[in-house]
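A short briefing follows, grouped by topic.

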Amino acid sequence: MPCCNSLFINEFCRDIDLIINDLDLDDSQKIILKNRYVKVVKFYEQKAMNAGKMHNIFRTLVTTGSLFIPALLSVQQIGSESMQEIIYWATWGLSLGVTTANGYIQLFKIDKQYIAYSIVSEKLKSEGWLYFQLSGKYANSSHKKSFHDFCEKIERIKMKQVNDDFSE
């Protein structure tokens, strides 16, 4: 059974699936790793990617709009009255869009979400590699002996982020 159920087929899932299958663990423990650890990593990767996309869209709108507003204001008095009115309303609409996009970035803390979710994803992956390689705090142990400690650490990382999400 592939770890990502064909939903997220990428290099990470392929590598993890092969590694988990080769570990000296019970089948139930392997299933737990695939259905919990890998899904949690993918969940935070997806959240980071979504927050990053939203941040880039809003920042692009803010930056581009901020450049166009003064340019439109400087040419507003040129041309016919109907052209001036079009430029006025275009400037007003663009200004509203820039302010709204900037407000969403601040209100929803999209930039901070991107950073936080990326960090959590990397912490989870790092903890996984330490466990899979039996290095760091898992050195001088076995996968079976360290399994519960690893699962507990993954849950602590996840719960810390959940608490951070809800405490803001």
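Is Tyr88 buried, partly exposed or exposed? Tyr88 is partly exposed, with a relative accessible area of 41%, where buried means under 20% relative accessible area, exposed means over 50% and partly exposed lies in between (1.4 Å probe, protein chains only). This is a predicted model, in which local features need pLDDT of at least 70 and side-chain atom pairs count only at pLDDT 80 or more, while totals for chains, interfaces and linings use all residues. Residues are numbered from 1 along each chain as its sequence is written, and side-chain values use heavy atoms, with hydrogens and water left out.

**Aromatic pairs**

- Rings of Phe, Tyr and Trp (its six-membered ring) are paired if their centres lie within 6.5 Å, and planes under 30 degrees apart count as stacked, over 60 as edge-to-face and the rest as tilted; the count by this rule is 14 aromatic pairs.
- Tyr88 and Trp89 form an edge-to-face pair, 5.0 Å centre to centre and with 80° between the planes, and Trp89 is partly exposed at 47% relative accessibility.
- The ring centres of Tyr138 and Phe150 are 6.3 Å apart and their planes stand at 70°, so this pair is edge-to-face.
- Tyr138 lies in the loop between helix H4 (110-133) and helix H5 (143-167), whereas Phe150 lies in helix H5, so the pair ties together parts that are 12 residues apart in sequence; helices here are DSSP runs (H or I, at least four residues), numbered from the N terminus.

**Nonpolar core**

- A nonpolar core is a set of buried Ala, Val, Leu, Ile, Met, Phe, Trp, Tyr and Cys residues joined through side-chain atoms within 4.5 Å; of the 23 residues in the largest one, Leu33, Tyr37, Leu124, Tyr131 and Phe132 touch the most other members.
- Helix H1 (11-22), helix H2 (27-74), H4 and H5 each supply at least two residues of this core, and H2 gives the most, with 7 residues.
- Apart from this core lies another, of 7 residues, among them Phe58, Val62, Ala101 and Ile105.

- Ile154 is placed in helix H5 and is buried, with a relative accessible area of 2%.
- Leaving aside neighbours within four places in sequence, Ile154 is in contact (heavy atoms within 4.5 Å) with Tyr37, Leu124 and Glu127.
- Ile154 and Gly136 are 18 residues apart in sequence and 15 Å apart in space, C-alpha to C-alpha.
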